[in-house]
Protein chains: 2
Amino acid sequence: MGKMMYECIKKEKNTKARLGKVKTNYGTFDTPMFMPVGTRATIKGLSPEEVKACGSGIILANTYHLWLRPGEDLIDRAGGLHKFMNYDGPILTDSGGYQVFSLVKSKKDIEEEGVHFKSHIDGKKLFLTPELSIQIQNKLDSDIAMSFDECPPASASHEYLKQSVERTLRWAERGKKVHQNERQALFGIVQGGPYEDLRRYSAIETVKMNFDGYSIGGVANDGESKEDMYHAIDYSVPYLPEDKARYLMGVGDPIDIIEGVIRGVDLFDCVLPTRIARHGQAFTRNGKITLKNAKWKEDFTPIEEGCDCYCCKHYTKAYVRHLLLVDEMFGGRLLSIHNIRFLIRLTEELREAIKEDRLLEYKEAFLNSYEKKIPLE
Amino acid sequence: MGKMMYECIKKEKNTKARLGKVKTNYGTFDTPMFMPVGTRATIKGLSPEEVKACGSGIILANTYHLWLRPGEDLIDRAGGLHKFMNYDGPILTDSGGYQVFSLVKSKKDIEEEGVHFKSHIDGKKLFLTPELSIQIQNKLDSDIAMSFDECPPASASHEYLKQSVERTLRWAERGKKVHQNERQALFGIVQGGPYEDLRRYSAIETVKMNFDGYSIGGVANDGESKEDMYHAIDYSVPYLPEDKARYLMGVGDPIDIIEGVIRGVDLFDCVLPTRIARHGQAFTRNGKITLKNAKWKEDFTPIEEGCDCYCCKHYTKAYVRHLLLVDEMFGGRLLSIHNIRFLIRLTEELREAIKEDRLLEYKEAFLNSYEKKIPLE
C-alpha cells in the first residue's frame, strides 16, 4: 500500500469522541491509542516484543535524538528505523522542533530560515530547518512524519503567538514541498496557544494544505494549565477534517487522555509511563503509587489486581520494591511494562465506551477511582 | 521428590570429563552446565524467561546480598526465592563466605565462631557464622545450598592454608548439623589453595561428611594464576565421589570452563557474562569484542554469525553499538543475553564432544579460534 490511512468507524453520541482505524505498511491499529516513546530507537529498557505485548498500536521515535546519534544516514543504510531497531509495527517520528526549541538560548536564534541551537551532547552549533527535519524523517522512514513547527513557551503573548502561527504555516508549507517518501504520511501541526482565534486560524490554514493528518501542538508545556490544554483542543478540533487522524502531542496523563478523547483526539504520546517507572512509580486505578514506600515492603500482591500486564501477572509489589531499593534494572523494566500497559488498556476501555456511547459514565467512574483521595468540593 | 540428585551418564575416554544429569524439584538439567548469576534475586536486567531461553539449567543467587536486602525472612514469607523472583527452575545459593571475607578488614575479625565485617551498604557491624549461613539458605529455599567456608587470599601461605582447611572442615560440620530443609541439597567445599597435600586432605575429609555434592573453592581469586587454578582442580577431583556433582566456584572464562570440564568438573558460575556486557563487551568464537569500537559503527551483521541467541537473531552490531553509546539499557540487556547464551552453548558443545569422545579435539579447535590473535610460541 501507499501511506498511512485513517478511517473513522463510529462517533460517540454524547461527546466528540470517535472510534477509528489506522492502516499503515506495518500493520493496522485502532484509535484512540496511546503511543509509547522510543526516543533513541528503543523504548527505555524494553524489547519490541514487550512493547507489542502491552497492546501498543504505534510507537514514537525522536528525530532530534536520532539525527545526532547515530545519524539518519546510518539508519538509512541499515534499512530504515523499523529494521534498525527490529520493530515491525507502525512508527511515528516527531519533527525535532520540541527538543530544538528547548535548547534555544536567545530569541535571535529563531530565524525565518530555521533554528540555531547547541547540541545537548557536545555543545556543537547546529541549525535545523523545516526542510532538514523532513529530509531526516524521510530517511528514518517512519510511517508518520511531523511538520517542523515553532514551539513557543506557555507564557508567550497573543502577539508573539500570532506571528509564531504564521511562521509555523510557512514552515509547514516548506516541509511539505521537500517531503519525498511516498510510504510516509506527513502531519500538519495546529498551534496558537490557549487563544480561540489563533487556534481556529492555525487549524483552518493548516488544513488547507491538505496534510495526511493533524497534530495539536503546544499543549504539553511546563506551566500550562489543564484548562488551557482543554481549550486548545476545543478550539482546534472543529476545524479538522473527520477523515484524518488527530494527534495531541506529548500528552500522557490518564485524565488528560480521557479529556482529549472526549474532545475528539485519536492519538497521544508521552514519556510519562517510562519516566515515572524509573522513579519507582506505577499508575493504578486508585492513582499513582510509589513502590519504594515502606507500606509495600511485604505486600505480596500485584501492583494492580486485575491488570493483565507481564509485571502484574508474575510479580509482587514486594519484589518490585526490592529491585528498586537495590537499584536493579529489572525493576524499572517491570514498572515500564505496567505503566505502558495501563495507558494502552485505558485507551482500550475508552474504545469500548465509545462503542457503547457511555464515555461520560466511564470518565466519571475512572475519576472517582483515580482521584478518590482528593476531597470533592 | 526429595533433594537434588546427580547421575553420571557417561565418562569421556580421553579425559576426566563426564556427562551428567541433575534432578531437582524444579526440573532436570544436563551437566556440564554454566550457571548465570542472579545476585539480588534477578539476573542483571533479564527476565526469568530470557534466562531460560539462553538454555540455562540452573541459576545462582547470593546469600550475602539477599540476607542484607530484602532479608531471608521476607523471602521466606513470600514463599521462598523461586516464588519471590518468579523463577521456577533450579536455584543454587552460595554461602556468603566469598563476599564476607572480601569485607574483612583485619585477620582478628576471623574467629573460630564466625566472621566479623561491616555491611557494604551502611557500614553496620555484622557477624556471619556457618550456622547462620545455612539457616539463611534454608529460608531462601534454594535447591542447592553451600557450606560456609573460609576464603583465604591467593597469597596465603601453606601454613595459613592448612589451618584454614581445618577450620573450613569444622565449619562444614557445624553447618551440616543445623541444615534442616529437606528439599535442599547441601554441598561441601574443598579448599587448600594450590597445594596438592592440602587439597587432597580437604577433599578426603570433606567427602567423609557425606555431602550431597562438592564444590572446589578458592580458585577465582584475584592474582591467582591459571596453573594454580588447574592444579587446584587436578588435586581435588580424584578424591571426589563419582556419584556426586562437582562445582568449580566463580569460574566463567570460556577457556577455564573447557579446562575445568576436561578435569572432571560439572558446574560453573560467574558474573563475567553480565559484567562484561555492562562494559559493552561480547564473547565470540574469535575472542571478546568491544562493541563501542568505531569499527562496528556500520556493521549490520549480528555479533556472531550462527549464534542462536535473541540478540544475534534480531539485532546488528551497529544497533547494539548505538544503544551502548547513548547509554540505553537495552544494549546491556542484549549483550547479557548473548554472553550468557555463549557460555551455555559452550557447555552444550562440550556435552556433545564428551558423548563422542572428542573433547580434546574440541578444545584445540576452540582455542585456535578464540585465541587466534595470540601468536603461538
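Domain bounds are those of an automatic or database domain assignment. On this basis, chain A of the predicted model comprises domain 1 (5–270) and domain 2 (277–370), and the C-alpha centres of domain 1 of chain A and domain 2 of chain A are 27 Å apart. The model being predicted, local features need pLDDT of at least 70 and side-chain atom pairs count only at pLDDT 80 or more, whereas totals for chains, interfaces and linings use all residues. Residues are numbered from 1 along each chain as its sequence is written, and chains are lettered from A and ligands numbered from 1 in the order in which they are written.

The contact between the two domains of chain A draws 28 residues from domain 1 and 27 residues from domain 2 (two residues are in contact if their C-beta atoms, placed from the backbone, lie within 7 Å). On the domain 1 side, strand E2 (18–24), strand E4 (33–35), helix H1 (48–53) and helix H10 (254–262) of chain A each contribute at least two residues; helices (H or I, at least four residues) and strands (E, at least two) are DSSP runs, numbered from the N terminus. H10(A) gives the most to this side, with six residues. The domain 1 side consists of 15 nonpolar, six polar and seven charged residues, where Ala, Val, Leu, Ile, Met, Phe, Trp, Tyr, Cys and Pro count as nonpolar, Asp, Glu, Lys and Arg as charged, and the others, Gly among them, as polar.

Between the chains, 27 residues of chain B are in contact with 27 residues of chain A. Helix H3 (72–77), helix H4 (81–85), helix H13 (317–325) and helix H14 (329–355) of chain B each supply at least two residues of the side of chain B that touches chain A. The most is given by H13(B), with five residues. This side of chain B divides into 15 nonpolar, six polar and six charged residues.

Chain B also contains an open, antiparallel sheet of three strands in the order E1-E2-E3 (strands pair if DSSP finds at least two bridges between them). Strand E1 (5–11) and strand E3 (27–31) of chain B are at the edges, each with a single partner strand, so one side of each has no neighbour in the sheet. Strand E2 (residues 18–24) of chain B pairs with E3(B) in the antiparallel sense over five bridges. Within E3(B), Thr28(B) is the bridge partner of Lys23(B). H14(B) packs on the sheet and touches E1, E2 and E3 of chain B.

Technical notes
Axes are lines fitted to C-alpha atoms, for helices over the stretch in contact, and angles run from 0 to 180 degrees between N-to-C directions.
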